[in-house]
Amino acid sequence: MSAFVDRVTVHVKGGDGGNGASSIRREKYKPLAGPDGGDGGDGGSVVLVADPNATSLLDYRFMPHRSADSGTMGLGGDKDGSKGADLILPVPVGTVVFTAIGNEGESKRRGERLADLNHAGDRYVVAKGGSGGLGNRSLSNKTRRAPGFALLGEPGQELEIMLELKSIADVALVGFPSAGKSSLIAAMSSAKPKIADYPFTTLVPNLGVVQAGDYRFTMADVPGLIPGASQGKGLGLEFLRHIERTEVVAHVIDCASMETDRDPVADYQAIEQELALYADQLELPLGAIALAERPRVIVLNKADIPEAKELAEFVKPEFEQLGHKVFIISTATHEGLRELGYYLADLVNKMRAKIAVAQAEGDNERVVIRPLEDRRRRRDDFVGSFKVERKHNKLGEYWFVVTGTKPERWVKQTNFDNEEAVGYLADRLAKLGVEDALRKAGAHAGDEVRIGRGRDEVAFDWDPTVAAGAEMLDGAPMISRGKDLRLEQLETRSHRRTNSERRAQYHQMMDAKQAVREAMEAERKANHWSDPTVNDDPQDAQGLIGKALHPEADQS
């Protein structure tokens, strides 16, 4: 079994966020000293990193499911949960990340391209971890003094991706099977590819590092390329993705072929035709040169055979007329390999400089906007838009579907076993305008409403009068939403009067003083004067108790 794997499907999942805590701090003489529930920790993310030491995607073939650590839940005493550790997945340089499309149980096909990790150290967050839920400490405000609930942590992002490896090589060796491509790599580098005297010996691309003087470059062969490969013959175009990032294309031509219908020029034209058919499918990175514009080098192999060397010298002028540099070599005797190595090294060096200039120009044209690193308070990350749709089936049953970033996220954070948490969700949806939109769409109390998509969908009977549980503590239903009376009664002195309240209290005081003055004026006019040292009513006949015990005396 080959240890080279260049395409694999991986199921990745970010860590779930920890739940927030609902806790009340207890102090001496203060049984309700305020909320102290901590926030849950964020879940870890799955990060792909281009690692020069990774050479294959074989590890992901045997372990296709990868998950990051989840965050821990918050605790009382203002203790926040810890963040889950990120999962770092090393991949070879040249790996391209796609979404995987296909039904469960079927072979996946690649979808949207997500990232291209073509430089060592490139990183891509493929599955973000979920945010931790807020504790009741963070949910408290001046109107909701001690929430009796907390938010749940968000689940981490989960998806299937397809990883494709496109070898980062400087020179691509193309040619018919048994032309000597693997032998050329073995002769010019320390690579040890499989070599045999039958076609399609090489089933996977081989890489070799060549040292020519002060310069070093890499070679890669593309196995199984024959006429009709674009229609699926041989190995088809299975490995042509490894030619996309090369600077130079070297045609290795067998000059000792025993097939009567083949000659060096015909072999070159057949391979070029297949490359032209594939060129339209190339997904070139920034600054890459089109495949048709890359320089060609003709390598006429097996010159150790007299008839082959004679044929090579005969066809060499024809290739030179096409503008190509031609080398006659022998991988068996190493004839011409030194000159070929130095020429390829110089050509690769020139192409690298040309590509670097093109990449610099492309970078100047792009504007890169990077998000903030802190994901704790993401007020601007989510748009406030949502959509309300009325759906029905053939039986005449209908329901309303609410979709949108904020409503779907809020539903995931809600603990539906807590009435106060459900009321808080209703407050948020009403403030966003969901209830008004449902009314405009024709929804009535008791109609079924669904929020979310797929497995995350939550269905419930719509009740526009749902209130938070804390609003019922004073026995009066439907006070304004978010009003919490548990601390209002214990800490009345902490209430700061408004200007309108100050004016009202001032007017009440002045009205009371005016009433006292009017009563005293009435007593003077009635000639009623009393000496505080003389008790003129020892039986309290004129007092409240006396009048209550002797009502007849009062009537007289």
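This report describes aromatic ring pairs and charges over rings in a predicted model.

## Aromatic pairs

A pair of aromatic rings is described by the distance of the centres and the angle of the planes. Counted by the rule that ring centres lie within 6.5 Å, the model has 4 aromatic pairs. Among them is the pair of Phe327 and Tyr343, which is tilted because the planes stand at 50°, with the ring centres 5.4 Å apart.

Tyr398 and Phe400 form an aromatic pair that is edge-to-face. The angle between the planes of Tyr398 and Phe400 is 90°, and the distance from centre to centre is 6.0 Å.

## Where the paired residues lie

Phe327 belongs to strand 14 (residues 325-328), while Tyr343 belongs to helix 6 (residues 337-365). The two parts are 16 residues apart in sequence, so the pair ties together a strand and a helix. Phe327 is buried, at 9% relative accessibility, whereas Tyr343 is partly exposed, at 28%.

Tyr398 has 32% relative accessibility and counts as partly exposed.

## Charges over rings

Tyr343 also has a lysine over its ring: Lys325 lies over the face of Tyr343, 5.9 Å from the ring centre. At Trp399, the residue over the ring is Arg450. The charged end of Arg450 is 4.3 Å from the centre of the Trp399 ring.

Technical notes: Residues numbered from 1 in each chain as written. Predicted model: local features only at pLDDT ≥ 70, side-chain atom pairs only at ≥ 80, totals over all residues. Heavy atoms only, no water. Phe/Tyr/Trp six-rings, centres within 6.5 Å; stacked < 30°, edge-to-face > 60°. Helix = DSSP H or I, 4+ residues; strand = E, 2+ residues; numbered from the N terminus. Buried < 20%, exposed > 50% of the residue type's maximum accessible area, 1.4 Å probe, protein only. Lys NZ or Arg CZ within 6 Å of the ring centre and 35° of its normal.
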